[in-house]
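We will go from one selection to the next.

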Amino acid sequence: MGEAKDKVKAVVFEDNQLRVVTIPAPQPAPDEVLIRPRMMGICNTDIELTRGYKSFRGVLGHEFVGEVIEGPAEWVGKRVVGEINISCGSCDMCERGIPSQCRKRLILGMSDYDGAFCEQFRLPVRNLWQVPNSVADDEAVFAEPLAAACQVLESVDILPSDHVVVLGAGKLGLLVAQALWIAGADVSVVVRREQPAALLSSLNIRTIPGEEKPDHMADCVVDCTGSAEGFAAALEWVRPRGTIVLKSTYHGLPQADLTSIAVNEIHVVGSRCGPFKTALELLKMGLLTLRPMITAQYTLDEAAAAFEAAEVPGALKVVMTL
């Protein structure tokens, strides 16, 4: 188990530059723990933050599996993952049991709270989830995006007879497709590259070639493209009175025919973070194919190269270790 330090290395984005720098070690508050990451995942949102999303400056990173090295005795030494929303606990949304939409929320590695791409970082105890012993680090690192994928099923009632089309066969799209498939949905994924097509084929999940013309027949379309063009594409696939679930976050504004939403009475649902309990149960059950999604591994010192690898078209999950 690691020990708390005075100085730590961290992946910082500022002045339009991504750098590994030495910063003062984080000092956890009484309700927080100090975590030493074992593995960290680069998300499309991390990339978008370096492109100007949210005018971000600070320590990046929100996907991780780590070990608690300081905090309440019952947590020290535990292997954990963690929810990314740091809530106030007292606003109307928190009182409604929706801390992910806290009016005063901070967000790990995204908004006013230093992230996990650091030798040590802090997180509130209430955000922690212990990782089952049977789940390896290279599976647990998917807990946060898998929880986000599971949120689709929390956000929309999907019947077995509903045809669901997933747009974007990248990191999140592959997790969404697997979560929907495990839940018994009739799911198809629009794919443009060989690697995700092969992975989905091995899982018996139907694929649609990227060049195939949309047919306005899907009962539900899940946009996981991570691009501003995804929303317009979803409108081409969804049927009248169907549902579009938006999972993408990106820098920029979409250009789409909003009139068609009114005319065709389309339901548009935003979907963000999701249930860690469900994600960890799925990981423990071993029903997901995750390791083939890791396309490269780097050290924290190699963060610049790791981000470059993550931005290569067709790259899936790039992870880092200390």
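Which residues is Leu180 in contact with, leaving aside its neighbours within four places in sequence? Select Leu180 and look for Val152, Leu153, Ile158, Val164, Val166, Ala185 and Val187. Contact means heavy atoms within 4.5 Å.

A note on what is on screen. This is a predicted model, where local features need pLDDT of at least 70 and side-chain atom pairs count only at pLDDT 80 or more, while totals for chains, interfaces and linings use all residues. Residues are numbered from 1 along each chain as its sequence is written, and side-chain values use heavy atoms, with hydrogens and water left out.

In the largest nonpolar core, which has 47 residues, Leu180 and Val222 touch the most other members. Such a core is a set of buried Ala, Val, Leu, Ile, Met, Phe, Trp, Tyr and Cys residues joined through side-chain atoms within 4.5 Å; buried means under 20% relative accessible area (1.4 Å probe, protein chains only). Now colour α4 (143-155). Helix α4 gives the most to this core: 6 residues. Helices are DSSP runs of H or I, at least four residues; strands are runs of E, at least two.

Then move to the sheet. Its 6 strands run in the order β13-β12-β11-β14-β15-β16, with parallel pairing, and the sheet is open. Two strands pair if DSSP finds at least two bridges between them. Find the edge strands, β13 (206-209) and β16 (267-270).

Last, select β11 (residues 163-167) and β12 (residues 186-191): they pair over 5 bridges. In β12, Asp186 is the bridge partner of His163. Helix α5 (residues 171-182) packs on the sheet, touching β11, β12 and β14 (218-223).

Note on methods:
Axes fitted to C-alpha atoms, helices over the stretch in contact; angles between N-to-C directions. Buried < 20%, exposed > 50% of the residue type's maximum accessible area, 1.4 Å probe, protein only.
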